[in-house]
Amino acid sequence: MKTIENVDRTAPPSAGWQILVAAAAVWWIAILAAPVFDVSAIYSMFSIICHQMADRSWHLAGHVLPVCIRCTSIYAGFALALVTRLPPHTGFLRIALAGMALEFVVARLGLDLEPLRALSGLGVGLASAAFVTAGVEQMRRRLWYRLRTRKASALEGAR
Ligand SMILES: [Zn+2]
């Protein structure tokens, strides 16, 4: 049975993977450019997805990053998993998500530690990238198929 976990890792990277690597590069350039060049538009964009509390975020060049430690760690893990083409593993994803949920609960109970937020975020980022890559590749293939069949039927109608 073909599952998401037994994909051929020796095959060249999919177009979906290439799209995600490009998107991750733009994402990271934005995260690093915001504090270095003090770009308020980038802070505004990331405010949609992150609380941006300064005391829960790392700083760069004297300015706070546009995303918190947890978000930064998720994106770091995601980018690292993409670059290394870490294979999908549902067990790892379950453990990473459970770890983040546990860390969240423990933080609410009073043990709110920066390294734990970073570690749980890193784990979720590492574990999720391969699944997101498979999803993006599947969407790309469906879109490509629709465009081709639409073009073929348009050519058929012209005859
Ligand atoms: Zn955040």
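Predicted model: local features only at pLDDT ≥ 70, side-chain atom pairs only at ≥ 80, totals over all residues.
## Basis

Local features need pLDDT of at least 70 and side-chain atom pairs count only at pLDDT 80 or more, while totals for chains, interfaces and linings use all residues. Residues are numbered from 1 along each chain as its sequence is written.

Helices are DSSP runs of H or I, at least four residues, numbered from the N terminus.

Not counting residues up to four places away in sequence, L126 touches G77, L80, A81, L86 and A96; contact is C-beta atoms, placed from the backbone, within 7 Å.

## Helix α4

α4 has 19 residues and reaches 27 Å from its first C-alpha to its last, close to the expected 27 Å (1.5 Å times one less than its number of residues). Its buried residues (20 or more other C-beta atoms within 10 Å; exposed means 12 or fewer) are A96, M100 and E103. They fall within an arc of 65° seen down the axis, so they line one face of the helix. The arc is that of the directions from the helix axis to the C-beta atoms. The cover over these residues includes α5. On the other side, the exposed residues are T90, G91, R94, A98, A101, L102, V105 and R108.

## After α4

G110, which follows α4, has a positive phi, near 125°. L111 is in the loop between α4 and α5 and is exposed, with 10 other C-beta atoms within 10 Å.

Notes: Contact = placed C-beta atoms within 7 Å. Helix = DSSP H or I, 4+ residues; strand = E, 2+ residues; numbered from the N terminus.
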